Amino acid sequence: MSNYALILAGGSGTRFWPLSRNAKPKQLLDLFGSGTMLRQAVNRISGLVPSENIFILTNHLQEAEVRRQIAELPAENIVAEPARRDTAPAVALGIGLIAARDPQANMIIIPSDSLILDDEAFRALANEALKLAAKEAALMTIGIRPTWACPSYGYIERAGKFSAEGLTHDCYEVVRFREKPDSETAARYLASGNFTWNAGMFIWNVAHVRRQLAAHAPELADFINRLTESEHPNSFITENFPTLTPISIDFALMEKADRVLNFEATFDWDDVGSWISVGKYLKTDTEQNAANTPLNALSSGNNIIFSDSGKRVALVGVDNLIVVDTGDALLVAHRDKADDIKKIVSQLPDELV
């Protein structure tokens, strides 16, 4: 069985400014002292897929740093998209690169910026899904059981359980994909028990997904066909990828596919969407001040402190702050405004973005 992996490693560096920049977004940062999120993703997949079968898609701003961090992969396995075109064109590019090597391959697609600590549980589930992809005419996802009514995630609505010989993980038929709901709708989803969060992880057989794309997303199917037949794939990508319609893989394919199965994750998962999320994994004192650096706090609580230099920070009489110190910038924000950090980036000088 020929297994491949595609790691999506593009994106901007706005939510974690000033530590993150356009050339070094979240997945290229070591936020928890255990390696960058991209490094962790590659290590997680390496126990499942041979390293020569791992592809990383990034962009030109981040390509050099990706190559520096993941130097063990073949150079041709790290590809910079020539333009930003959302996840469907990116996935199609990955399918084309893999199909050119093995048109019958099974592949798994994962984002590079999710935090998963239980790698063994991830590999066990993913390995079972890859085996099923080889024999079942379905596209597969890995969903996360919701722990709260989050309005910031997409949801997957499920029907009855799917069973097959040798299957040990819970798997369900998918009814439909749901976009990010309002809080009231998210609460209904949570109460029903029939939904998982959409974590952007997909598993399928290359030949089968190409048939589904031909039926539901012909522009992408045509791009893949021409890429696999091209004698000069790099030139073909440079010329043709920017012409593809920007659209998410959920809209382009998953919501239209003939059949989708949803494995329920047995591992921990966090998309680490803001500094608030990072704070959950930092050392915390009795007043709920979370820090990655030496901290003295007086009459201060519920703050998040991050320093890339390890300097000592002192807090006096302040609560609910996010303080991030780098060599060239300092962020001080209220916790309630964590999502607005990306807005101030547009006001900054180019050298700090």
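Trainee: How far apart are the mean positions of the positive and negative charges of the chain?

Mentor: Keep in mind that this is a predicted model. The chain carries 34 positive and 45 negative charges.

Trainee: What does the secondary structure of the chain come to, and how does its radius of gyration sit against the globule rule?

Mentor: The chain has eleven helices and 16 strands. For 353 residues the globule rule gives 20 Å, and the radius of gyration is close to that, so the chain is as compact as a globular protein of that length. Its C-alpha trace spans about 60 × 50 × 35 Å along the principal axes. The radius of gyration itself is 21 Å.

Trainee: What share of the contacts with a separation of 6 or more comes from residues 24 or more positions apart?

Mentor: Start with burial: 53% of the 353 residues are buried. As for those contacts, the share from residues 24 or more positions apart is 66%.

Trainee: Is helix α1 mostly covered or mostly open, and which of its residues are buried?

Mentor: Helix α1 runs over residues 37–46, and seven of its ten residues are buried, which makes it mostly covered. Its cover includes strands β1 (3–8), β2 (54–59) and β4 (106–111), along with helices α2 (63–69) and α4 (119–133). The buried ones are M37, L38, Q40, A41, V42, R44 and I45.

Definitions and conventions: Residues numbered from 1 in each chain as written. Predicted model: local features only at pLDDT ≥ 70, side-chain atom pairs only at ≥ 80, totals over all residues. Heavy atoms only, no water. Helix = DSSP H or I, 4+ residues; strand = E, 2+ residues; numbered from the N terminus. Rg over C-alpha atoms; globule rule 2.2 N^0.38 Å. Buried < 20%, exposed > 50% of the residue type's maximum accessible area, 1.4 Å probe, protein only. Contact = heavy atoms within 4.5 Å. Lys, Arg positive; Asp, Glu negative; His and termini not counted. Charge placed at Lys NZ, Arg CZ, Asp CG, Glu CD.
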